[in-house]
Amino acid sequence: MTVSETTMNQPVQPLQPIQAVPMLSVRGLQKIYKVPGGEVEAVRDLTFDLAEGELVCLVGPSGSGKTTLLKCISGLMEQTSGTVELNGSKVTGPPKSMAVVFQEYGRSLFPWMTVRANVELPLKNQKVPKAERAALVDAALKSVGLDHVPKSYPWQLSGGMQQRVAIARAVAYRPQVLLMDEPFAAVDAQTRADLEDLIRTIWKQLGVTILFVTHDIDESVYLGERVIVLSSSPTVVQEDLKIDLPAERDQLNTRALPRFMELRSHVYAEIQRAKLGPVTEQITAQRKASLK
Amino acid sequence: MSPLKRIAYFFGLPILLIALWYALSFGSTNFFVPKPIELAQTLWTTWIGERFVDDVLPSLGRLAVGLFFAIGLGIVLGLLIGSTRWLRNLLEPLLEFFRAIPPPVLVPLLMLLIGVNDSMKVAVIISGAIWPVLLNTVEGVRAVDSVLSDSCRSYGIRGFARIRYFVLPAVTPQIMAGVRQSLSIGLILMVISEMFASSSGLGFTIVQFQRNFAIPEMWSGIVVLGLIGLGLAIIFQFVERRVLHWYHGLKEITHDS
Ligand SMILES: Nc1ncnc2c1ncn2[C@@H]1O[C@H](COP(=O)(O)OP(=O)(O)OP(=O)(O)O)[C@@H](O)[C@H]1O
Ligand SMILES: [Mg+2]
């Protein structure tokens, strides 16, 4: 027992470069829902990698299977084919080192627990010692700017604050990978801007790998180091775009940069193309051909 | 509402009704119609003292034990059945069938099976009072929020921890709604179980009074039952406020917006 443990704790292959195994690797992912009277192919074929410490945004039109993809990645749902690997090992159920922030903040916090208890629960469940737990919870609440309401209940807070609690819960859990499914879709513009900056701050502080799903193009360009554009259903990766904006981002200045405009226009055009879908493209191509 | 106002609301109608009753029964000579002052006197002389120890306390004891097991078993079995799909599909029609049987008809059966004793009376109470809690719990477990459930799964909250921190609190509103029904069913069955082949208890004594034409005493027994029901309701409200304060707060907010 002890022998195998020590061997397991040693680096697996010291000679291999660290970058060789991506933090998160999605290969040929397909998901077909079985519905009464047929099947719905939500995701056709998705392949992409996330390196350790990356912040990647995933944009796609509504119904393009973003939630489906996140559920498969987080092990909450089984894919029809393809694989998801976390740190080189296959994901078959919810992995310990992953946290998910859901879109429905109103339904992802326990209404019978205080803010503090909500953030603490996953740690308690992992049997983290009390003192350490308290420190982690305090730090997490502080990092999202909610250290003044630990005794409140989630339903006493505004939507943006509730989502911050959900983020604090994920942060306190110290995941290696953080998945976020349109977390700010239902909050007002000002709160949203604040929360976007919060995500970048947390990302820099923790060095966590983040996959951030959104349907907001500006948000994806502002937040991400990379943007993956999904096509509409049946979904494939339309484009994988590097965002070469300065690391220090700022709601006013970054959004006013010419490069920001260029990138967002580019993503916008891609999404439009994605919405038209491959079929329409074929038709336009045929029309062009027949015009000649 | 100020406490004074609340007390006024609580006692207002009862006092009014008693006054009305007093006025209407003032000149009455009908033997079967009780009068307020007489009844209060009878209540005191009949039930305080020996009879309280011999009849009321044993009844209350059996009621308490019966309700305790009905609620406890209802919750435990409900959680088990509700969270196991095949068990739920298998048992649900059967449970509805048992729930549909009026529990008093079980009294003769249980008398034969268990005998005429305290266990039989407790069993009667359990057999009737368990259903609202059990079925409500099953229904509640089935309807737990899918996003909360996914949150639990993604944070590795499984097994007993999932029940304790998620499922049980989530179904508490349904459980409490079931408990409320169980309390009144339990009280009814307490009385009925004592009316058959019994030699003590509230139900027995009331029937005894009625057979001996001790009409004021009979009425006073009914008042005692009413007071027990009221006591149960007050205890229930007290507990419910404590356990479900989050639920009421949440509801208030969602109704406002
Ligand atoms: N449980 C399900 N059963 C059957 N079909 C489903 C299910 N969930 C999603 N779908 C279908 O799969 C497709 C993708 O849904 P999904 O929710 O993943 O999209 P999305 O990109 O997250 O959309 P949105 O931006 O609106 O959140 C849709 O056509 C949807 O109808
Ligand atoms: Mg979605």
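Predicted model: local features only at pLDDT ≥ 70, side-chain atom pairs only at ≥ 80, totals over all residues.

Modeller: Chain B has 11 helices and zero strands. From the N terminus on, its elements run α-α-α-α-α-α-α-α-α-α-α. Along the principal axes, the C-alpha atoms of chain B fill a box of roughly 75 × 55 × 30 Å.

Start with α1(B), residues 3-24. At 1.5 Å a residue, its 22 residues should span 32 Å. The end C-alpha atoms are 32 Å apart, which agrees. Even so, α1(B) carries a kink of about 35° at B:Phe11.

Next comes the partner of α1(B). Helix α2 of chain B covers residues 36-47, and it packs on α1(B) at an angle of about 110°. The two axes are 9 Å apart. Angles of 65 to 115 degrees count as roughly perpendicular, so α1(B) is roughly perpendicular to α2(B). On the α1(B) side, the contact uses B:Ile18, B:Trp21 and B:Tyr22. On the α2(B) side, it uses B:Pro36, B:Ile37 and B:Leu39. By class, that makes six nonpolar residues, no polar and no charged. The spacing on a helix face has a simple basis: an α-helix has 3.6 residues a turn, so residues three or four places apart point the same way.

Now move to α8(B), residues 159-195, and α9(B), residues 202-211. Their axes come within 6 Å and cross at roughly 60°. That angle makes α8(B) oblique to α9(B). The crossing is right-handed. From α8(B), the contact residues are B:Met190, B:Val191, B:Glu194 and B:Met195. They meet B:Leu202, B:Gly203, B:Phe204 and B:Val207 in α9(B). This contact divides into six nonpolar residues, one polar and one charged.

Helix α5(A) spans residues 159-172, and helix α6(A) spans residues 189-206. Their axes come within 11 Å and cross at roughly 10°. Angles under 35 degrees count as roughly parallel, and α5(A) and α6(A) are therefore roughly parallel to each other. A:Gly160, A:Arg164, A:Ile167 and A:Val171 line the α5(A) side of the contact. Facing them in α6(A) are A:Thr191, A:Leu195, A:Leu198, A:Ile199, A:Ile202 and A:Leu206. The residues here divide into seven nonpolar, two polar and one charged.

How values were computed:
Residues numbered from 1 in each chain as written. Chains lettered and ligands numbered in written order. Heavy atoms only, no water. Axes fitted to C-alpha atoms, helices over the stretch in contact; angles between N-to-C directions. Helix = DSSP H or I, 4+ residues; strand = E, 2+ residues; numbered from the N terminus. Parallel < 35°, antiparallel > 145°, perpendicular 65-115°, else oblique. Left-handed = near helix turned anticlockwise from the far one by under 90°. Contact = heavy atoms within 4.5 Å. Nonpolar A, V, L, I, M, F, W, Y, C, P; charged D, E, K, R; others polar. Expected span 1.5 Å × (residues − 1). Bend = angle between axes of the 7 residues up to and from the residue.
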